[in-house]
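Please look at the sequence and the structure together before reading on. The report below moves from one part of the chain to another and ends with the question of confidence.

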Amino acid sequence: MSYCREEGKDRIIFVTKEDHEAPSNAELIADDPNDPYEEQGLILPNGDINWNCPCLGGMASGPCGSQFKEAFSCFHYSKEEVKGSECIDNFRGMQECMQRYPELYPQEEDGEGKPPQEEAGSAPTTDSNPPSSTSQSAPSSDSTAPSDGQNAS
């Protein structure tokens, strides 16, 4: 048996398996383009940036919100041949701010440009310890890890 209950601002709806299997009878209502509270997407009809758009993931608020807004606005309104080329300082300021709050803005770890993790007890080399001539030779196909576009065999 389906039922609904309200807890504060939330409405909790419990449905049965049969309810899920039945076709929906929901009626879609056309959006009112004049509704100022309706989500309009990232760019409003007048060309302004919608800082409340959920697509921004909250970047417009928080400790670096003003830096984000400055950089994003600069890029959005840029008229340069290379769009946003005049905004480098704004993006640098945003990046520096975000680095001060790593718990709020974690860095992506894609592995590119980073030394490989220690494998089979070998320590990573540094500039002060140049690699031996044997490590500069091409690796055998057995020891090469597959890249993103390859499958391991």
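## Ser78 and its surroundings

How many Å separate the backbone nitrogen of Gly84 from a polar atom of the side chain of Ser78? In this model, which is predicted, that backbone nitrogen of Gly84 and the polar side-chain atom of Ser78 lie 2.9 Å apart.

Ser78 itself is found in the loop between H2 and H3, and because its relative accessible area is 9%, Ser78 counts as buried. When residues up to four places away in sequence are not counted, Ser78 touches Lys83, Gly84 and Glu86.

## Asn50 in another loop

Asn50 also belongs to a loop, the one between helix H1 (17–21) and helix H2 (65–76). The relative accessibility of Asn50 is 10%, and buried means under 20%, so Asn50 is counted as buried. Leaving aside neighbours within four places in sequence, Asn50 is in contact with Gln40, Gly41, Leu42, Leu44 and Leu56.

## Met98 in helix H3

Met98 has its place in helix H3, and because its relative accessibility is 18%, Met98 counts as buried. Once its neighbours within four places in sequence are left aside, the residues in contact with Met98 are Met59, Cys64 and Tyr105.

A distance can be given for Met98 and Gly65 as well: the two are 33 residues apart in sequence, while from C-alpha to C-alpha they are 9.7 Å apart in space.

## The hairpin of E1 and E2

Strand E1 (residues 3–7) and strand E2 (residues 10–14) run antiparallel and are joined by five bridges. Within this arrangement, Glu7 stands opposite Asp10 in E2. The hairpin has two residues between the strands, and here Gly8 takes a positive phi near 65°.

For the chain, the mean pLDDT is 74, with 59% of the residues reaching 70 or more. Confidence is lowest in H1, where the mean is 79, and highest in helix H3 (residues 88–99), where it is 96, and this helix is also the place of Met98.

Over residues 116–148, pLDDT stays under 50, and for these residues the model has seven contacts beyond four places in sequence. Where pLDDT is low, the predicted coordinates should not be read in detail.

Terms used
Residues numbered from 1 in each chain as written. Predicted model: local features only at pLDDT ≥ 70, side-chain atom pairs only at ≥ 80, totals over all residues. Heavy atoms only, no water. Helix = DSSP H or I, 4+ residues; strand = E, 2+ residues; numbered from the N terminus. Buried < 20%, exposed > 50% of the residue type's maximum accessible area, 1.4 Å probe, protein only. Contact = heavy atoms within 4.5 Å. Pairing = 2+ DSSP bridges. pLDDT = per-residue confidence, 0-100. Polar contact = N/O pair within 3.5 Å; in protein donor to acceptor, adjacent residues only side chain to side chain.
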